[in-house]
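User: I would like to go through a structure that is new to me. Could you take me around it, one topic at a time?

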Amino acid sequence: MAMGKSNKLPQSAVIKQILKRCSSLGKRHGYDEDGLPLDVPKGHFAVYVGENRRRYIIPISFLSHPQFQCLLRLAEEEFGFDHDMGLTLPCEEVVFRSLTSMLR
């Protein structure tokens, strides 16, 4: 009995896709010539959280934390990563702020 390959991408490939989608939302007002947001410092990315989709700028280093990776998996299941708004995380703002305060 042969075992088939999983269609899932390696975690590093998924993270690269997430960062690419979050930082290349197009050449619009507030973006540089490479499509990167002007208000997001190098080494950070934007996420949208909560019912009102409040924007937070967080360090890329958060991607290596298991708790944050769990949020990314939930985001993929609920929203997918193929949309123009940026990375939307499915959690309440108070939960997100609590998590990020522990990761800093």
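Analyst: One term will be needed throughout: a contact means heavy atoms within 4.5 Å. Please also keep in mind that this is a predicted model.

User: Is Glu93 buried or exposed?

Analyst: Glu93 counts as buried, because its relative accessibility is 19% and the cut-off for buried is under 20%.

User: Let's step back. How many helices and strands are there?

Analyst: The chain has 3 helices and 3 strands. Their order along the sequence is α-β-β-α-β-α.

User: And what share of the chain is buried?

Analyst: Of the 104 residues in the chain, 34% are buried. As for the surface, the chain exposes about 7300 Å², with carbon and sulfur atoms supplying 54% of that area.

User: What share of the contacts joins residues 24 or more positions apart?

Analyst: Among contacts with a separation of 6 or more, 44% are between residues 24 or more positions apart.

User: Now the confidence. What is the average pLDDT?

Analyst: The average pLDDT of the chain is 79, and 70% of the residues score at least 70. Among the elements, strand 2 (residues 54-59) has the highest mean, 94, while helix 1 (residues 11-23) has the lowest, 67.

User: Take the pair of helices, then. At what angle do helix 2 and helix 3 pack?

Analyst: The angle is about 145°, and the two axes are 10 Å apart. Helix 2 contributes Gln67, Phe68 and Leu71 to the contact, and helix 3 contributes Phe96, Leu99 and Leu103. By class, this contact has 5 nonpolar residues, 1 polar residue and no charged residues.

User: Staying with helix 2, what about Gln69? Is it buried or exposed?

Analyst: Gln69, which lies in helix 2, is buried, with a relative accessible area of 16%. Setting aside residues up to four places away in sequence, Gln69 touches Gln11, Leu63 and Ser64.

User: Changing topic: where does Pro59 lie?

Analyst: Pro59 is in strand 2. It is buried, at 14% relative accessible area. Beyond its neighbours within four places in sequence, Pro59 is in contact with Gly43, His44, Phe45 and Arg104.

User: How far is Pro59 from Ala46 in space?

Analyst: They are 8.9 Å apart from C-alpha to C-alpha, and 13 residues apart in sequence.

User: You mentioned Gly43. Where is that one?

Analyst: Gly43 is in the loop between helix 1 and strand 1. It is partly exposed, with a relative accessible area of 33%. Leaving aside neighbours within four places in sequence, Gly43 is in contact with Ile58, Pro59 and Ile60. Gly43 and Ser61 are 18 residues apart in sequence, with C-alpha atoms 7.9 Å apart in space.

User: One last residue. What is the phi of Arg53?

Analyst: Arg53 has a positive phi of about 55°, although it is not a glycine. Arg53 lies in the loop between strand 1 and strand 2, and at 32% relative accessibility it counts as partly exposed.

How values were computed. Residues are numbered from 1 along each chain as its sequence is written. This is a predicted model: local features need pLDDT of at least 70, side-chain atom pairs count only at pLDDT 80 or more; totals for chains, interfaces and linings use all residues. Side-chain values use heavy atoms; hydrogens and water are left out. Helices (H or I, at least four residues) and strands (E, at least two) are DSSP runs, numbered from the N terminus. Buried means under 20% relative accessible area, exposed over 50%, partly exposed in between (1.4 Å probe, protein chains only). Accessible areas come from the Shrake-Rupley method with a 1.4 Å probe; for residues, only the protein chains shown count as cover. pLDDT is the predictor's confidence in each residue, from 0 to 100. Axes are lines fitted to C-alpha atoms, for helices over the stretch in contact, and angles run from 0 to 180 degrees between N-to-C directions. Ala, Val, Leu, Ile, Met, Phe, Trp, Tyr, Cys and Pro count as nonpolar, Asp, Glu, Lys and Arg as charged, and the others, Gly among them, as polar.
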